[in-house]
Amino acid sequence: MDKGNRRRFFLKSAGLGLLPAMLPSIPGLAQVGTAQQKVAIKPIVKFFGDGDLMEPDAYLRILNELQAKGKVGKDRYGIGGSVEDLEKEMAKLTGMEKAIFLPSGTMANQLAISLLSGDRAKVYLQDLSHIYRDEADAAQTVFSKRLVPLGMGKAFFTVEELKFAIEGLPSEEVFASGIGAVSIENPIRRADGQQVPLEEIKAISAYCREKKIPLHLDGARLFMAAAWSGNSIREYAQYFDTVYISLYKYLGASSGAILCGKESLISQVPHLMKVHGGSMYGNWTNAAMALHKLEGFEDKLKRSIRAFVEISEGINKLPDCSIQPIPGGTNIYFLQLPQGINGPIFQKEMREAHGVWMGRPDKNGRVPVTVNETLLYRSPIEVVTAIRNSVKKATNS
Ligand SMILES: Cc1ncc(COP(=O)(O)O)c(C=O)c1O
């Protein structure tokens with residue numbers, strides 16, 4: 001348990017009569033219980049997001065604690081301090097030659113595919129990928145790339161589909177123009193966090209290497225793929241030429257990205273970052289936080305999964321309730337509540353009486369839930385009890 005959470009448990013167990021008055025100034029804590037009940041203070045469990053998306057007070061407190069321990073170092077345009085420490089850590093973790101901090105994952109993806117493909121225009125990628133769907137056509141408009149989607153509407157494309165697309169080109173197009181790169185997103189956000197199987201990655205990588213086509217990994221949530229598949233970050237990274245990992249989805253930073261690859265490629269990134277207006281003077285607040293969260297993160301994730309297994313077992317014993325996994329998925333599941341439940345009341349009760357936040361169940365009583373480190377803030381039995389009591393309240397109303 002980190003210091004922040006210890007502090008929360010202290011507050012919880014201290015039974016402080018003054019707390020109701022103080023509460024508005026302590027964000028991140030839930031005031032649990034009705035006016036009639038004894039007030040209890042608990043850290044909030046959030047069944048959404050990949051990590052504990054911190055509020056400013058918690059963020060600043062942790063940075064202060066890190067600073068007091070001498071663990072915050074200022075950089076200048078990404079040189080030195082916490083940024084350099086984080087880059088070294090990420091290079092070690094992925095087993096790649098070099099890592100660099102960038103202001104966003106979008107920029108990491110775009111610069112990676114631009115550098116990998118050089119003056120060859122075509123880049124093959126998943127139809128549902130962030131690069132294809134959610135980067136404002138930057139590859140086409142800014143980097144003169146032609147994105148070619150594969151695996152339409154599916155989580156991933158197979159090596160056979162890639163081969164078919166590439167080897168069919170001479171008969172499909174008259175003027176040959178070379179293949180720039182292939183990109184894989186894993187896990188894939190628009191497919192509810194489904195994974196690309198490692199065997200498929202290996203086959204695609206072997207084919208790309210044989211054909212000398214560079215391969216990029218949008219691994220924004222690579223830690224999730226690693227935790228749910230049991231393959232290490234390094235295992236995944238070895239099949240790619242560049243790997244991007246997000247710093248804010250679960251590593252605590254308020255924004256930022258890391259791109260890893262060969263020294264010769266990564267050393268070209270600072271110039272391009274400048275050209276595209278992404279060269280920021282100081283990045284240490286994000287880097288120091290991510291570096292801090294990185295320590296022991298894989299273990300924390302494993303413990304969160306174990307907690308969720310216990311929570312699921314408890315939920316599955318409640319009448320008409322179940323946890324439904326997504327085939328080949330990662331940290332996103334569906335919680336099925338009794339048909340006819342009043343969704344808004346359930347959500348409100350969970351939030352206000354129990355300090356457990358989740359989305360609103362739909363008209364069929366179904367709501368997505370995400371496994372993240374906040375599950376460790378309470379015992380599984382407490383979470384199951386919260387659900388049981390809230391279901392009762394929302395079915396009697
Ligand atoms: C899979 C994936 N790749 C890339 C990005 C882009 O990250 P950023 O918001 O840092 O630009 C996101 C953000 O949601 C994402 O989900």
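Helices (H or I, at least four residues) and strands (E, at least two) are DSSP runs here, numbered from the N terminus. The model is predicted, so local features need pLDDT of at least 70 and side-chain atom pairs count only at pLDDT 80 or more, while totals for chains, interfaces and linings use all residues. Residues are numbered from 1 along each chain as its sequence is written, and side-chain values use heavy atoms, with hydrogens and water left out.

Let's begin with the sheet. Seven strands form an open sheet in the order β4-β10-β9-β8-β7-β5-β6, and their pairing is mixed; two strands count as paired if DSSP finds at least two bridges between them. At the edges are β4 (98-102) and β6 (146-150), each of which pairs on one side only. On average, neighbouring strands of this sheet are turned by 20° against each other, direction ignored. Behind that angle are axes, which are lines fitted to C-alpha atoms (for helices over the stretch in contact), with angles running from 0 to 180 degrees between N-to-C directions.

Now follow β10, which has partners on both sides. Strand β9 (residues 242-246) pairs with strand β10 (residues 257-261) in the antiparallel sense over five bridges, and T242 stands opposite G261. β4 also pairs with β10 in the antiparallel sense over five bridges; here F101 stands opposite I258. How much of β10 is buried? Five of its five residues are, so the strand is largely enclosed by the rest of the structure. Buried means under 20% relative accessible area, exposed means over 50%, and partly exposed is in between (1.4 Å probe, protein chains only). In a regular strand the side chains alternate between the two faces of the sheet. In β10, A257, L259 and G261 point one way and I258 and C260 the other, and all are buried.

The side chains of H216 and T242 are joined by a polar contact of 2.8 Å. A polar contact is a pair of N or O atoms within 3.5 Å; within protein, one must be able to donate a hydrogen and the other to accept it, and residues adjacent in sequence count only if both atoms are side-chain atoms. H216 has 0% relative accessibility and therefore counts as buried.

Next comes the ligand. Which residues are closest to the ligand? Of the 14 residues that surround it, the closest are G105, T106, D218, Y248 and K249. A residue is taken as near a molecule or strand if one of its heavy atoms lies within 4 Å of it. By class, this shell has three nonpolar, five polar and six charged residues. For these classes, Ala, Val, Leu, Ile, Met, Phe, Trp, Tyr, Cys and Pro count as nonpolar, Asp, Glu, Lys and Arg as charged, and the others, Gly among them, as polar. Helix α5 (residues 105-117) gives the most to the shell, with three residues.

Several side chains place polar atoms by oxygen atoms of the ligand. For Y248 the distance is 2.6 Å, for an N or O atom of R221 it is 2.9 Å, and for Y244 it is 3.4 Å. Taken alone the ligand exposes 390 Å², and the protein buries 87% of that. Accessible areas come from the Shrake-Rupley method with a 1.4 Å probe; for residues, only the protein chains shown count as cover.

Helix α11 (residues 222-229) is also worth a look. Six of its eight residues are buried, so the helix is mostly covered. The buried residues are L222, F223, M224, A225, A226 and W228. After α11 comes G230, whose phi is positive, near 85°.

Finally, some backbone details. Most residues other than glycine have a negative phi, and most peptide bonds are trans. A136 is not a glycine, yet its phi is positive, about 55°. A136 is found in the loop between α6 (130-133) and α7 (138-141), and is exposed, with a relative accessible area of 70%. D192, not a glycine either, has a positive phi of about 50°. The loop that holds D192 runs between β7 and α10, and D192 is partly exposed, at 35% relative accessible area. P187 lies in the loop between β7 (179-185) and α10 (198-211), and the peptide bond from N186 to P187 is cis, with omega near -5°.
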